[in-house]
Every structure is written in C-alpha cells, then in structure tokens.
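I set out to record, entry by entry, what I looked up in this structure.

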Amino acid sequence: MTRWRVARLVKVRDENPSARTLVFDVPGWPGHLAGQHVDVKLTAEDGYSARRSYSLAGPEGVELTVQRVPDGEVSPYLTLDMEPGDELELRGPVGGWFVWRPDGPAPVLLVAGGAGIVPLMAMVRARRAAGADTPFRLVYAVRSPERLYYADELARPDPGVSVSLAYTRRAPEGHPRPPGRLTAADLGPYGEADCYVCGPTGFVEAAAALLVELGHDPARIKTERFGPTGD
Amino acid sequence: MSTFTRGFRGRRRGEDDRLPPGQYLAEDFPVLSAGPTPHVPLDRWEFTIDTEAGQTHRWTWRELTALPYEEPAVDIHCVTSWSKLGTTWRGVSLDVLFEDVETTADYALVHSYGGYTTNLPLDDLLDGKAWIAYRYEGEDLTPSHGGPARLLVPHLYFWKSAKWVRGIRLLTEDWPGFWETAGYHNYGDPWREQRYADD
C-alpha cells in the first residue's frame with residue numbers, strides 16, 4: 001500500500017462546470033473496496049510536491065472525481081490543466097472503515113452532501129458490478145442542478161436502488177421537493193440499515209444527528225467528513 | 001526518482017521546518033471522525049484510568065476542571081496531510097492525573113464516548129507530552145472537535161488525540177485501537193511519516 005505508483009491519465013469526463021472525473025491507468029493496481037481513497041502526489045519540475053487524498057469513484061480501476069476549489073492548489077490543476085498522457089503518482093487503496101462489501105447482507109442507506117457523493121457512488125457501482133441484490137437507498141443533497149455529479153447515471157433505473165435528490169438552494173422546474181436543507185423526512189421512515197454519510201463537515205454533523213434521531217444505531221452509522229468546520 | 005507532473009507548479013508557501021514530511025499547512029481546522037458526534041452532558045461526564053491490577057481512578061467534570069491546568073501551544077499533524085501550527089489549548093497534564101496511579105504497564109488503550117479507541121505506549125502520555133484538553137483557542141471545545149474533552153498528544157498523528165475521551169486502560173500488552181486495526185500505523189510518528197500499517 002505504501003508504494004507510490006505512477007498513474008497515467010487516460011480519460012477525462014466533465015461532470016458539471018466545476019467537477020471532473022479522471023480515469024487513470026495504474027500498472028499493478030491491487031484493487032480496492034468501494035469507499036476507499038487514494039493519496040495523490042504531484043511533483044513540479046523543480047521537485048516541489050503536493051499531496052491530497054481523493055475518494056475512488058468506481059469499483060474497479062482508478063477513477064477519481066475532483067471538485068474544483070476556486071483557490072485550491074491541486075484541484076484546479078486536476079480539473080483544468082491535466083491532459084490524457086500526463087502522469088502523477090498515487091498510493092493506496094487507503095482506509096478500511098468507510099467501506100461497503102458486496103456480501104454485506106443488510107440494507108444500505110447512503111446519504112451524500114455535495115462532493116460527498118463520490119465514495120457512495122462507488123458503492124452503488126460496486127453493487128451493480130457484483131450483481132448484488134442488497135436494497136440500497138441513496139439520498140443525495142446538492143445545492144443546485146448544475147452541481148450534480150453523475151446526473152445521467154443516477155437518472156437511469158437501477159433495480160433495487162432508490163435515489164432521492166434533495167436540492168438545498170435551487171431545484172429544477174417541476175421537482176417535487178421544494179429546495180431546503182436536509183430534514184428527517186428526507187431520510188425517513190426508519191428502516192434497519194447500514195448507514196454511510198459523506199460530505200462537508202457541517203452536513204455530516206447534521207445528517208448523522210438526524211439518523212440518530214430517527215432511531216438508527218450510532219454504531220451502524222459510518223461517516224466521512226471533509227473540508228473546514230463551521231465552528 | 002520522482003515522476004514529474006507536466007504543467008503542475010503548485011503554490012509554494014516557503015519551507016517551514018515545523019512541517020513534517022508530506023504535510024501541508026491548513027488555514028482552518030478540518031475534522032475527521034468515523035461516526036456521529038456524541039453529545040455528553042457534563043453532569044454525567046467522567047474520566048477514568050483503569051490499571052492492569054484492576055484499580056479505577058475516576059474524575060467528574062467538576063473534579064477534572066478544578067485540577068491545575070496548562071495552556072500548551074502546539075503544532076498538530078493529521079494523517080490526511082494537513083498540519084496546523086501554534087494551536088493553543090487548555091487542559092490537565094496526564095502527569096497530574098497519573099500522580100497517584102500505580103502501574104508497571106507499558107501500554108495504554110484510550111477509549112471515548114461513542115466507542116472510539118486508540119493505543120499508544122504509556123511513555124508517550126507522560127513527561128509533559130499529553131493533556132486532557134477542554135478548551136481550544138480560548139473557547140470551550142465544541143463537540144465536533146471532541147468536546148467536552150479530548151486527549152491531546154501532539155507529537156503523534158492527530159488520530160491518537162482521541163476526541164470525546166472517556167478513559168485510559170493500562171495494559172501489559174499492546175492492544176491496537178480503531179484506526180490501528182483499519183490499516184493505519186500502530187505508532188504514528190509524523191516525523192517518520194508513519195501513516196499506514198506498513199510504513
């Protein structure tokens with residue numbers, strides 16, 4: 001796991017105006033579980049290097065979806081400048097906790113806030129790839145339609161997976177749910193499930209508290225937080 | 001031999017010898033935890049030290065906060081690569097709490113409200129290296145940062161500084177904790193870049 005491997009960019013796909021999916025060819029990649037992440041290292045010609053962690057978006061191979069942070073050091077390069085054929089180094093997979101295994105028997109509730117969809121989408125894709133029949137429910141909170149990741153894929157029927165979108169600021173015309181922050185009604189009614197919550201810190205704090213309120217066992221709620229805190 | 005990334009320049013912030021290898025400076029204070037944030041009412045809060053001989057030392061919130069405190073200013077280093085320099089805390093040194101504890105144990109397993117655990121050698125908790133901290137930058141520690149109280153052991157990666165700390169069990173054998181059994185390094189020295197199990 002600790003070995004840095006050379007990763008060559010082979011394909012890019014814009015998810016929306018500020019996020020891009022990057023598919024890498026990584027010789028010797030050992031495989032990974034849905035929910036794991038990689039450490040990425042970019043080295044400038046003078047030897048300066050920067051590292052970041054990104055969640056893996058797919059069940060196989062190395063596919064990352066990166067949100068551009070306007071003032072960021074690494075994400076503008078990955079989402080705007082990097083071209084197929086360019087190389088970086090990465091190592092992983094990392095993380096043995098926030099993972100879903102296709103043989104897990106319990107129903108799964110996924111709660112995503114913004115870019116937090118990435119490791120949860122990896123779980124949806126891993127379920128499909130494995131032909132598992134575990135019931136999945138995905139609740140995806142996103143600021144506005146142009147912030148959505150994987151829009152076409154989420155709109156396609158995937159038997160056993162129910163997807164609800166919760167727009168928090170602005171919903172598309174005709175969307176049944178008025179825009180607003182995530183509520184218990186978006187996550188309920190309670191049903192026994194393994195819960196995975198991923199998103200910005202404030203979102204995860206709020207969503208995990210709602211799940212506990214609804215009756216979910218805190219020991220079955222796994223969370224992954226990123227970004228600065230609200231306090 | 002490193003692979004160069006064509007066209008990447010990065011944003012040099014000047015070398016800082018307080019930054020361990022592979023770390024970058026964070027302006028804010030990111031949060032990393034594995035489950036919902038527990039909320040512990042102060043009138044039911046307690047901190048315990050259990051020795052290998054089965055003795056329990058116990059402090060209520062009132063008792064802990066009445067003990068002599070220190071206000072360390074320390075650099076903290078998270079395994080996810082951010083570091084924050086010169087953070088200020090208020091807390092009780094573990095040396096104070098261990099004053100009357102009789103033990104020959106070499107290992108400590110720290111446990112938290114919410115079920116989190118982390119392990120470290122007892123020596124890493126003593127001699128001015130660790131605190132039970134309850135204030136951060138002049139404010140009470142918020143639940144999302146581990147309040148009401150967290151362990152602060154800044155010379156190791158920050159996952160060792162258990163949030164929502166509830167107690168320490170002293171053990172004669174090492175017992176890996178939560179992240180230590182999930183692929184992270186058993187000791188976690190940022191200066192030797194001990195991030196993952198086989199580093």
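Predicted model: local features only at pLDDT ≥ 70, side-chain atom pairs only at ≥ 80, totals over all residues.

Entry 1, the parallel sheet. I looked up strand β8 (residues 136-142) of chain A and found that seven bridges join β8(A) to β9(A), the two running parallel. Strands here are DSSP runs (E, at least two residues), helices are DSSP runs too (H or I, at least four), and both are numbered from the N terminus; two strands pair if DSSP finds at least two bridges between them. Within this pair, Phe136(A) stands opposite Val161(A) in β9(A). I then traced the whole sheet of chain A, which is open and has five strands in the order β9-β8-β7-β10-β11, with parallel pairing. Because β9 (161-167) and β11 (221-226) of chain A each have a single partner strand, they stand at the edges, and one side of each is left without a neighbour in the sheet. From one strand to the next the twist averages 10°.

Residues are numbered from 1 along each chain as its sequence is written, and chains are lettered from A and ligands numbered from 1 in the order in which they are written. The model scores ipTM 0.78 and pTM 0.88. For chain B I noted a mean pLDDT of 92, with 93% of its residues at 70 or more; pLDDT is the predictor's confidence in each residue, from 0 to 100.

Helix α2 (residues 117-130) of chain A lies across β7 (108-113), β8, β9, β10 (194-200) and β11 of chain A, at about 155° to β8(A). Helix α5 (residues 201-214) of chain A lies across β7, β8, β10 and β11 of chain A, at about 155° to β10(A). Axes are lines fitted to C-alpha atoms, for helices over the stretch in contact, and angles run from 0 to 180 degrees between N-to-C directions.

Seven bridges join β3(A) to β4(A), which run antiparallel, and Val40(A) stands opposite Arg52(A) in β4(A). Five residues lie between the strands of this hairpin, where Gly47(A) takes a positive phi near 100°. Strand β2 (residues 19-25) of chain A is joined to β5(A) by six bridges, also antiparallel. Here I found Thr21(A) opposite Thr65(A) in β5(A).

Is Leu94(B) buried or exposed? Leu94(B) counts as buried because it has 25 C-beta neighbours inside 10 Å; the cut-offs are 20 or more other C-beta atoms within 10 Å for buried, 12 or fewer for exposed, and partly exposed in between, with C-beta atoms placed from the backbone. Leu94(B) belongs to helix α2 (residues 94-97) of chain B. Leaving aside residues up to four places away in sequence, Leu94(B) touches Leu125(B), Leu126(B), Ala130(B) and Trp131(B).

Definitions and conventions
Contact = placed C-beta atoms within 7 Å.
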